[in-house]
Every structure is written in C-alpha cells, then in structure tokens.
Amino acid sequence: MATAATEGVIAPSATRPARARPWLTRERMAGFLFVTPSLIQFLIFTVYLMVSSLVISTWSWDLLTPHRQRGFYNYTTLLLHDPIFRTAFKNTLELTLLTVAPGMILGLLLAMVVNTRLRGISIFRAAYFLPVVVPTVATAIIFRWLYNPDFGVLNWFLGLFGLQHHDWLGSPSTALASIAAMSVWQSLGWNMTYFLVGLQSIPEQLYEAARIDGAGAWMRFRSITWPLLTPMTFFVLVTSMIGSLQGGFDSVYLMTQGGPGYSTYTNSFYLYSQAFRYFHYGYAAAYAWVLFVVIGIVTFLQFRFLSKRINYDFG
Amino acid sequence: MTSAEHRLWRRRRSRSVGRKAAGYAALTALALFALGPFLWTVSTSLKNIDEIFVFPPQLLPSTLKWSNYTRLWHEFPMARWIFNSAYIVVLAVLGKLFLASTAAYAFARLRWPGRDYVFYAYLTALMIPWEVTLIPGFVLMRQFGWIDSHLALIVPSLGDVFGTFLLRQFFLSLPRELEEAARIDGAGYLAVFCRIILPLSKSALAVVAVLGFMSVWNAFLWPLIMIDSTNKFTLPVGLQLLNSQHGTDWSVLMAGDVIALIPVLIVYLAAQKHFVQGITMTARTG
C-alpha cells in the first residue's frame, strides 16, 4: 500500500518534463532524417519487391500478354509435375555437399598452415586469398581451359600419374563435380581467413598447458582447437550452406549451360532459364519462394540441432 | 657454453632452419596452387595458336604474341567495358557508404519511434535469397524504363543491409564522450555525424567499401539480364560475350581475362588490409 502511494506521488513529477516536450524532438527528427534515404531504398527494393514477388508467383505471365491469376498452380506444378525441378534440386544439393564439406576441411587445414609467425606469411595469405577477389566469370573461363579435354593442363597433370584423358565438363558423370572443384578452389581463401580469425582467438596459454601435460599434436587439436573453434565452424557452415544453396549460376552459365543434358542444372540456373529463356515469370517467382523456404528450413535445422554443440566459453 | 650445450644448440638451430625451409617450400607449393591458374592464363594469352593446341602443354610462349591483345582491343570495346564497370562501381559504392552510414547512425545513436522494428526488418532482409527479388526487380526496372540503362545497375545496388549492420555495430563500439562534449558545445546531429563519427570510422567504412566493390564489380546475372547493347556491358558481361563468341579462341579469351584481372589486382593490392579486415569484422558480427 505504501508503495502504491509513493508511486502515485513520484510518477507524475517524473513524467512531467516528458509531457512538456513536443512529440517531434530534435533527436527524433534527426533519427527520421538520417534513416530516410536508406529506408526509401529498403521499402522499394526489398519490401515492395518481396510483396510483388509473392503476387507474381501466383500469376501465369510472359510480360507481353496480360497475366492470368492461377493461385497455387505454379507451386503445385513445380513441386509435383516438374521433373527438371527435381533434377535441378538434386544437383544443387549435390553441389552443396561437394563444395561445403571439402571447402571447410581444406580451409581449416590451410588456416592451420598459415597460422604461423614465419616471416612473409602475410604475402602467402594474400596469395591464397586472391582467387576470392577475381570475378567468377573470369575464373570460369580459366577453368574451362584447364579442364579442356584435348589440351588442358589438368589432363596433362593427371597423365603424369598414368591417368587417361577425360572430358571433365563434357561428361555427365564429372561435370558437376568439376564445377564444384572450381568453386572449392575459389572460396578457399574465405574459409581460410575465417578459420584463421577463429584460431587466433584461442589463447596460447591453453596450448602451453597442454604441452606441459604431455599432449601430442592430435590431442591438442582434439581437445583445444576443435572445441574452441566450433562457433567459427558453425558460422562458416551456415553461411556456406546458404551461399551454396542459392548459388551456382555464374559458373554453370559460363562453363556448361546446364549440360550435358540436365546434369549441371542447378536451382539458380533453372530458375533463370524459366524466366529469361521460356518467359515463365510467374513460375520463376514461385520457384524463388520455394527456394527461400528450403533455405530457411535448412538454416533453422542447423541452428536447432547444431547450435547446442557449440562451445562459446572462449569464442 | 659447454661443448655439449653448444652441440645441442647447433642441432636445434639447424633443425629449426630445416623446418623453416620445409615450411617455405610447402607455402610456395600452395601459392602455386592458388596462383597457377592465373599464371597459366597470362602465359596462354601471349601464345601463338600453334603453341596452344599442343599436347603436352608448353609452359611458356616461345615469342610473346602481343597481337592477341591488340586484336581483342580492336574487336571488342574492352576499354569501354572497363570504364563502365569502373564508374558504376564508384557510384554504387559511394551511394552504399552514404545510405549505410546515415542509417547506421540513426540505428546506433538516435532514439526515434519504431527504430527497433525497422532494424529487425533490416536484419530479416539479410536472409532473403537474391532469387526472390530477381523477377519483380526485372519487372520494376521495365516499368521505370531502365532496361539497357546503367541506372538499373546503380540504383538497386545502393542499399546495403549488411553494410548498415556492420557500421551500426561499429558505431555502438565508439565511446560516447566525444559526441556528448560536442553536443554540449552546441554541435547538431549532422555536425557530430560528419566531424566525429565518420572520421573515427574510416576503417569500418573501408570494409563496407571493399565488400561493396566486390559485390558490384563481380555482379554478373543482374547486368546480364538488364543490359542489351554491347557498348553498355560491364566487364563480366563482356567476358561472357567473348566466351560465347570465341569459345575456343583461347589466346584471345585468356587475353580478355588478363585485362579483366588487372583492375581487380590493383584494387586488391591497394586495399588488401581492408579485405582481410572485412572478413574479420564479418565473422565477429555474424
């Protein structure tokens, strides 16, 4: 009762200056003005486009003739009656598997190699990072040449070990894996730098203590490096999964155009084809939403099942 | 030092020298793996045709055939493509810096109604795959009449949600005392932003600029569907044209690639520190 009384006494006097102030204070005014340019851009190019995309996804539309409202027709066709969608989906998952796992393992190994104080190490790190900076278009053209069945360097190199010539991009069994290999090579610098940041945040004393206790290199990796690196490993896993599930357009477009057959059709390439080759804009918009949901589910599952295994103590 | 100690010291030193040498050898081999394809590109771009179609491949050209480059330069508007890419990237990055830094300041330092909701909306937007806005974006550009115009490449890329997020986190980490002192001296919010926040945030702004440069300079699909005239192509779309028209003319293709690599290399070497810093910041905030 006493508290209620004191509250009643204190509250009005505490709010009095706020009531006296006009609603639009200088600070609020400044806040609105500072956010406005960015917010206009955001409202048009994110919010409006999202809504528009959802609307278009229910249309049958070639942009030239008036659209027809089809409800969920695009979605049901895509999910139930489109065999190429299934192929593209399978290929995208395969590409993701073939790039994310090797990319992470090699990236971690490379980070451990460059995590030394050797003189000039920053030059080597810069060299390993360079492929990341180069446009995929340029890289894809280079790799087409390296993969060339008759005069390519790769066949020559493998020939040194007695392997036969092979048409890497031209045969359905290896085309997708060849694109994946390029992608791994290209993104190794990212993963290396991420893991390097993670490795350098682990306190040196832990290793010294372990060494004094007689722990070998493998033991130190198992009981210090790996557990303390889990936040970074999780971050790299989630971002590269997302990147890979929505990626694979530039390289496919330049190296194989989805072929041979449909063996390198990825989601992004098939979506592009539906829109800009067959002029099925509504269908492609629905495709994008399916992709969005899939990526959302995969990301959610990763957070749901993996985030518990992350050790944040020293991260 | 006793002779036994001396021997031990020498053995240790020679072991560490040997280990260093092995380390450098391994690092060099890895560097060859990372840079080899680019070196091979340069070599191929200077070869005569009869040195390209040979097996086993010839490591270096016997004479440097510069005419591959002049031919390419005459047949395709390479200079024009580089110019297009360069001015588009400059305008887009400047715009990104302006929009991202002002919004980040509003999110980090100013209190206004609805601020947190808008910020959450921005965060949610980070999860949207580019495919979702591709089709309606194309439709919108058509309504604006921006098909085959560079406006379609610049204006939609001005927004940078991730950059805004990075800068907000950075602004939050700045000490407030300086701003408060300036406010007491009668400086307005704009003055605080321009004279205190921005000068203190050069490194973070450089990171946003570098990440923005990469995304705009390397963009391929969007300019591919937006631009029809060869003269208005950006460099990646131009390279794609070379790839489809000269798919087996390897020396010319590789010459095109080398020319495309030079600007990237210049920017990378000049801003290398910020590239690495960008990743570090990304990893820390993500």
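A salt bridge here is a side-chain nitrogen of Lys or Arg within 4 Å of a carboxyl oxygen of Asp or Glu. The exercises below use this cut-off on a predicted model.

**Exercise 1. Find how many salt bridges cross the interface of chain A and chain B, and name the residues involved.**

Step 1. Across the interface of chain A and chain B, the rule finds 1 salt bridge.
Step 2. The partners are A:Glu27 and B:Arg111, with their closest N and O atoms 3.2 Å apart. That distance of 3.2 Å can be held against the cut-off of 4 Å.
Step 3. Side chains of opposite charge can pair when their charged atoms come close.

**Exercise 2. Describe the contact between chain A and chain B by residues, area and composition.**

Step 1. Count residues: 84 of chain A are in contact with 90 of chain B.
Step 2. Take the area: about 8,000 Å² is buried between the two chains, and carbon and sulfur atoms give 79% of this.
Step 3. On the side of chain A, the residues that lose the most area to chain B are A:Glu27, A:Phe34 and A:Trp145, together 10% of what that side buries. A:Glu27 is also the salt-bridge partner of B:Arg111.
Step 4. Helix α2 (residues 26-56) of chain A gives the most to the side that touches chain B, namely 22 residues.
Step 5. Sort that side of chain A by residue type: 64 are nonpolar, 13 polar and 7 charged.

**Exercise 3. Locate a salt bridge within chain B.**

Step 1. Over all chains, the whole structure has 6 salt bridges.
Step 2. One pairs B:Arg71 with B:Glu75, the closest N and O atoms being 3.2 Å apart.
Step 3. Both residues sit in helix α3 (residues 67-75) of chain B, 4 residues apart, or about one turn of the helix.

**Exercise 4. State the confidence of each chain and the domain layout of chain B.**

Step 1. Chain A has a mean pLDDT of 86, with 92% of its residues at 70 or more. Its residues 1-15 fall below 50, and this stretch has 2 contacts beyond near neighbours in sequence.
Step 2. Chain B averages 87, and 95% of its residues score at least 70.
Step 3. Chain B is assigned domain 1 (1-34) and domain 2 (77-285), whose C-alpha centres lie 45 Å apart.

Notes:
Residues are numbered from 1 along each chain as its sequence is written. Chains are lettered from A and ligands numbered from 1 in the order in which they are written. This is a predicted model: local features need pLDDT of at least 70, side-chain atom pairs count only at pLDDT 80 or more; totals for chains, interfaces and linings use all residues. Side-chain values use heavy atoms; hydrogens and water are left out. Domain bounds come from an automatic or database domain assignment. pLDDT is the predictor's confidence in each residue, from 0 to 100. Contact means heavy atoms within 4.5 Å. Buried area is the accessible area (1.4 Å probe) that two parts lose on being put together, summed over both. Helices (H or I, at least four residues) and strands (E, at least two) are DSSP runs, numbered from the N terminus. Ala, Val, Leu, Ile, Met, Phe, Trp, Tyr, Cys and Pro count as nonpolar, Asp, Glu, Lys and Arg as charged, and the others, Gly among them, as polar.
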